[in-house]
Amino acid sequence: DSDLVGSAELNEFLGIDGSGTTVAIVDSGVWSGHPALVGKVVLEACADVDWSSCPTPGGGTSTFSSGPGSAQPQAPNFSDHGTHVAGIAAGVSVPVGSITSEPGVTIPDEEWAAGVAPGADIAAITAGNGLIPAAGDTIRIAMATNLWLAAFQIMLWVADGENIVSVNNSYGSTAPVPAGGATVACDSRNTSDLLAKAAIDGLISINVAPVFASGNDFFLNGAAFPACVSSAISVGNTTKND
């Protein structure tokens with residue numbers, strides 16, 4: 001809701017809309033053909049150490065790939081989550097009537113508002129075949145490894161001159177943290193912690209803001225992994241009524 005966030009005022013009256021920057025989205029993939037995102041997905045990659053589902057130019061799959069098409073949502077685990085997140089971050093407004101209705105999909109009868117930074121481009125990175133580990137996950141080492149690979153790819157892009165200013169990670173696992181979420185930093189308890197800390201610190205070293213969801217588990221005073229890493233920017237949420 002741009003009114004609640006205040007992004008519309010930032011865009012319209014201060015002229016700050018992310019133009020000239022790129023936002024990285026590590027998630028379930030980003031559908032680049034979405035009306036709010038056409039022409040905005042300028043970089044793509046995929047990291048999947050568990051299922052090796054990343055598409056390769058020859059038509060095969062691998063644990064990692066980059067290039068056009070590599071971050072498009074993949075079958076059989078199509079997910080709109082990454083596309084949704086990308087729209088919130090950098091989608092453009094979509095006029096009424098410009099979206100083709102699909103079976104079982106309700107199209108809103110009003111304009112879709114722009115995202116927070118509609119002038120920004122998007123660097124999309126699929127993690128784990130669209131299956132972002134969640135509560136109770138026992139393969140958090142894969143989550144941390146995919147994050148490390150994504151961070152390394154972002155570093156390569158930045159080294160090539162891409163102006164990536166932040167990376168959004170809207171996922172998390174409750175497995176390595178106590179009930180109610182971690183209340184102290186989780187930097188070095190295990191290999192997963194060390195990998196995540198290395199990835200996050202590497203991003204900070206090149207001035208890329210590492211943003212993580214604190215967790216979709218209704219924690220009131222704690223954070224999930226990897227948001228509990230001390231150098232991560234952990235972001236919580238609230239309802240429209242605060």
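## Ser 53 and its surroundings

A polar contact of 2.6 Å joins the side chain of Ser 53 to that of Asp 48. This is a predicted model. Ser 53 sits in the loop that runs between strand E2 (41-47) and strand E3 (54-55). Leaving out residues up to four places away in sequence, Ser 53 touches Asp 48, Thr 61, Ser 62 and Asn 129. With a relative accessible area of 14%, Ser 53 is buried, because the limit for that class is under 20%.

Ser 52 is found in the loop between E2 and E3 as well. Ser 52 has a relative accessible area of 26% and is partly exposed. Its backbone deserves a note: phi of Ser 52 is positive, at about 50 degrees, although Ser 52 is not a glycine. Most residues other than glycine have a negative phi.

## Overall fold

The secondary structure of the protein consists of five helices and nine strands. Along the sequence these elements follow the pattern α-α-β-β-β-β-β-α-β-α-β-α-β-β.

The protein has 242 residues, and 43% of them count as buried. Among contacts in the protein with a separation of 6 or more, 76% are between residues 24 or more positions apart.

## Aromatic pairs

The structure holds two aromatic pairs. One of them is formed by Trp 148 and Phe 152, with 5.5 Å centre to centre and 5 degrees between the planes, and is stacked. Both residues belong to helix H4 (residues 140-159), where they are four residues apart and therefore separated by about one helical turn. Trp 148 is partly exposed at 34% relative accessibility, and Phe 152 is partly exposed with a relative accessible area of 40%.

Tyr 171 and Phe 212 also pair: their ring centres are 6.5 Å apart and their planes are at 75 degrees, so this pair is edge-to-face. Tyr 171 lies in the loop between strand E7 (164-169) and helix H5 (191-205), while Phe 212 lies in strand E8 (residues 209-213), so the pair ties together parts that are 41 residues apart in sequence. Tyr 171 counts as buried, at 7% relative accessibility. Phe 212 counts as buried too, at 1%.

## The loop between E8 and E9

Several residues of interest lie in one loop. Phe 225 is placed in the loop between E8 and strand E9 (233-235), and Pro 226 lies in the loop between E8 and E9. The peptide bond from Phe 225 to Pro 226 is cis, with omega near 5 degrees. Most peptide bonds are trans. Phe 225 counts as buried, with 1% relative accessibility. Along the chain, Phe 225 and Ala 196 are 29 residues apart, and their C-alpha atoms are separated by 9.0 Å.

Ala 223 is found in the loop between E8 and E9. Ala 223 has a relative accessible area of 10% and is buried. For Ala 223 and Ser 234, which are 11 residues apart along the chain, the C-alpha atoms are separated by 7.7 Å.

## Asn 207

Asn 207 is another residue other than glycine with a positive phi, near 65 degrees. Its place is in the loop between H5 and E8. Asn 207 counts as exposed, at 67% relative accessibility, because the cut-off for that class is over 50%.

## The second largest pocket

Rolling a probe the size of a water molecule over the atoms shows where empty space is left. The second largest pocket has a volume of about 240 Å³. This pocket is lined by 13 residues, and the closest to its centre are Gly 215, Asp 217, Phe 218, Phe 219 and Asn 237. By class, the lining of the second largest pocket has nine polar residues, three nonpolar and one charged.

Notes. Residues are numbered from 1 along each chain as its sequence is written. This is a predicted model: local features need pLDDT of at least 70, side-chain atom pairs count only at pLDDT 80 or more; totals for chains, interfaces and linings use all residues. Side-chain values use heavy atoms; hydrogens and water are left out. On a 1 Å grid over the protein atoms alone, a cavity is a set of points where a 1.4 Å probe fits but cannot get out, and a pocket is an open set with protein on both sides within 12 Å along at least five of seven lines; lining residues have an atom within 4 Å of a point. Grid points are joined across faces, edges and corners, and a volume is the space filled by probe spheres set on the points. Ala, Val, Leu, Ile, Met, Phe, Trp, Tyr, Cys and Pro count as nonpolar, Asp, Glu, Lys and Arg as charged, and the others, Gly among them, as polar. Helices (H or I, at least four residues) and strands (E, at least two) are DSSP runs, numbered from the N terminus. Buried means under 20% relative accessible area, exposed over 50%, partly exposed in between (1.4 Å probe, protein chains only). A polar contact is a pair of N or O atoms within 3.5 Å; within protein, one must be able to donate a hydrogen and the other to accept it, and residues adjacent in sequence count only if both atoms are side-chain atoms. Contact means heavy atoms within 4.5 Å. Rings of Phe, Tyr and Trp (its six-membered ring) pair if their centres lie within 6.5 Å; planes under 30 degrees apart count as stacked, over 60 as edge-to-face and the rest as tilted.
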